Amino acid sequence: MSKIGEVILFEVRRNVKKKTFWYTTLILPVIIIVVTLISHASSNHASSNSVQQTISYSKTAKLAVLDQTGLISRATLLSHHITVEPTEQAGINAVKKGLVSAFFYYPGNVATAGIKVFAQDQGITFTPPYNTLASQLLSNSAVAVVNLKTHDSIAAKILTKAPSVTATTYKNGTPTNGLAGIVAPIVFFAIFLFFAAMISYFTISATTEEKENRAAEILLTTIKSKQLIIGKILSIIVIGVLQVIVILVPLLIAYALFHNHITLPGGVTLSHLPLNPTTLAIGAIVLALGLIMFTGVLVGFGSLFPSSQEASRYLAVVILWAFIPLYAIGYVVNSPNALIVKVFTYFPLTAPSTVLLRNAVGTLSTSEAYGTIAILVVSAALALMFAVRAFSYGAMAYTRRISVKELFQRTADKSLPLKK
Amino acid sequence: MAVVLSGNTDKVVDARSFSMAFGRHVVIKDLSFSVTKGEVFGFLGANGAGKTTTIRALLGLYQPTGGELLINSHRYNADMSAAIGYLPEERGLYRNEPVLETMVYFAVLHGLDQSEAQRRALAYLKRVGLEDKANERLVKLSGGQQQKIQLGVTILHEPALMILDEPTEALDPVNRSLLMDIITERRNKGATVMLVTHRMEEVEQLCDRILMLKDGSAALYGKIDAVKEQFGSKVIAINFSGKLKTNDKLYKITKHLPHSAELHWNNNVTTDDVLRVLANDENLHLMSFEVRLPSLNDIFLQMYKDQEGSDV
């Protein structure tokens, strides 16, 4: 009778009760939320400060301009108490002599040559907003001129705020989803990387705890090592899924409440998110196989070490493989036929992240998807066998590390018993 | 009700020419023995003699390098765990988990359903005086209390075969007595017990038959009385006050304490001759005189006294 369910229940229950589970689960969203809030607050504060500084500076500073574009009206200059210099050199001299705080020079070809600002240095603690002020003066004047000459409020609005863009892309004559099509399948990629980043603690705990507690002997005589290790691997996956759920639930609630109002970069609205069943199915299958394979490999390697301290040093090296394709993300996204992308696509340890990313951006062909899934099925099975073997032999090696070579020697010669 | 091992053989454990080597180091060579249904079997030997190795091989943790070890005519696999209670030498449970949850988990793995496991665990905790520790983490318990929990995990599913590797190690006399009672109780209910221990008084008290390992082989094997007969001659055990004299013509003093001694009489004399001489000695007041078989402790010490490096 299979006892896998009991193992999963026990492992999941005791891990979810641990503070570590909640720390590792909540740390990422908390950091994201805190950084976003700080960034948003800082941005608002900076923007507000900038506006205040600009207003204040324009009221107190002595400013001068030379406008060769003819766009800035005399009335505007008078209202801001800005004087006009006859030449560029005269304006520069006025600044040098301290007669004015800043001099803005708008050449006739300002669109190509740009605005020149000459100003008093007020030290490193305060940089007056003369650049902003110089730009605003010109752009506000330009909008006023357009309004005056064309009476076209649309043109004026376009000058004030750039309109949003809706793009429709075609591939071989058929419309594609563009950026919007990436959003749903990229979630599988994100889940995989999140899982890989968070998995190490639970893997180490699952593989070395019984050894450190000397509970391995009684466990291995009570339950088949295969059932035990599969139960542990599945429990790690369940824990990972629970972590993802804990993070996703608030997002899904937010989506349910605000999906009509949420706009992603590129003008993608969640209410019109395209969901391609084939792409999503490939993403789900690769994610599941990738998780099983990765957890199997990690549990296998973790089982070779006598303590969690020693295991943690080495497991990081294995986990790194999940992230290596990110170093070549430019190739993975834009050059699907590059050799390195092919290698990452078919090498088992880099395949999940590479394939999930390519699946999301739409550069994964059907044959590549089938090929990778086949490789991952075999790899996941081999990883599980490796994990079972390593755990069976390693679980009772209380004080020493078992080498992979030693493990395979045992595979070849089953009569060789494990050393104490 | 004990879980019964299936099969119709009386040999619950059957070792057939079992050998075990770690690389070039041979631990056990050509060992054969059996444990019959319902008996308490003492599996004895000095440290490093191969007792734990044999148990681990019997339970499938090691692969024998020769021969076979069977439980009820079959090689052990974890599906048989409902009928086996194993208390390993290397003890340990989940230290950071609550006592009750840990006991219930192992009981369920041994085949009990959740509610029955819970009921038995609570009853056991009450019996051993740890009912107030049910929700404590194991690490908070004393060494002796943890031992009791470990024993509970071993017997909660009422196994037909109990394999106990040094079960009284680290227990105080009160807890040792409690454990001996539990073993006796299980035996009286029909369970078979394979007991690995260094404590010869426990063996004398509990075991029907023994096997004593030396140099990887069975040095002594059989019923306790038969082993004693097989191993050595009877001794005269006396209790006295006064001064016990040596007498090379009649006997040799093999053990001499202030008020007791053991004597081996010479071939050409009888125990009556010895008794007469001791009774007539004016400087000695003889309080008891018994002709008996040597104790297992004597045999154990005798067997290993010349073995270099043994840790007995």
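Which domains does the domain assignment of chain A give? Domain 1 covers 4-29 + 179-412 and domain 2 covers 60-160, where the bounds come from an automatic or database domain assignment. The structure is a predicted model, in which local features need pLDDT of at least 70, side-chain atom pairs count only at pLDDT 80 or more, and totals for chains, interfaces and linings use all residues. Residues are numbered from 1 along each chain as its sequence is written, while chains are lettered from A and ligands numbered from 1 in the order in which they are written.

The centres of domain 1 and domain 2 of chain A, taken over C-alpha atoms, are separated by 58 Å. Strands are DSSP runs of E with at least two residues, helices are DSSP runs of H or I with at least four, and both are numbered from the N terminus. Two strands pair if DSSP finds at least two bridges between them. Strand E3 (residues 102-106) of chain A runs antiparallel to E4(A), and four bridges join the two. Within this pair, Ala102(A) lies opposite Ala119(A) in E4(A).

Two packed helices are described by the angle between their axes and the distance between the axes. For helix H14 (residues 339-346) and helix H15 (residues 351-361) of chain A, the axes come within 6 Å and cross at roughly 115°. Phe344(A), Thr345(A) and Tyr346(A) of H14(A) meet Ala351(A), Thr354(A), Val355(A) and Arg358(A) of H15(A), with contact defined by C-beta atoms, placed from the backbone, that lie within 7 Å. Four nonpolar, two polar and one charged residue make up the contact of H14(A) with H15(A). In this classification Ala, Val, Leu, Ile, Met, Phe, Trp, Tyr, Cys and Pro count as nonpolar, Asp, Glu, Lys and Arg as charged, and the others, Gly among them, as polar.

Between the chains, 21 residues of chain A are in contact with 24 residues of chain B. Helix H1 (4-16) and helix H9 (216-220) of chain A are the elements that give two or more residues to the side of chain A that touches chain B. That side of chain A comprises nine nonpolar, four polar and eight charged residues.

Chain B contains nine helices and 13 strands. Its C-alpha atoms fill a box of roughly 70 × 45 × 35 Å along the principal axes. Of the 312 residues in chain B, 41% are buried; a residue is buried if 20 or more other C-beta atoms lie within 10 Å of its own, exposed if 12 or fewer, and partly exposed in between, with C-beta atoms placed from the backbone. The domain assignment of chain B gives domain 1 (11-229) and domain 2 (235-292), whose centres, taken over C-alpha atoms, are 41 Å apart.

Strand E1 (residues 11-22) and strand E2 (residues 25-36) of chain B pair in the antiparallel sense over eight bridges. Ala21(B) has Val26(B) in E2(B) as its bridge partner. The hairpin of E1(B) and E2(B) has two residues between the strands, and Gly23(B) takes a positive phi near 65° there. Eight bridges also link strand E10 (residues 235-242) of chain B with E13(B) in the antiparallel sense, and Phe240(B) stands opposite Leu286(B) in E13(B). Not counting residues up to four places away in sequence, Met103(B) touches Ala121(B), Ile149(B), Gly152(B), Val153(B) and Leu156(B).

Conventions. Two residues are in contact if their C-beta atoms, placed from the backbone, lie within 7 Å. Axes are lines fitted to C-alpha atoms, for helices over the stretch in contact, and angles run from 0 to 180 degrees between N-to-C directions.
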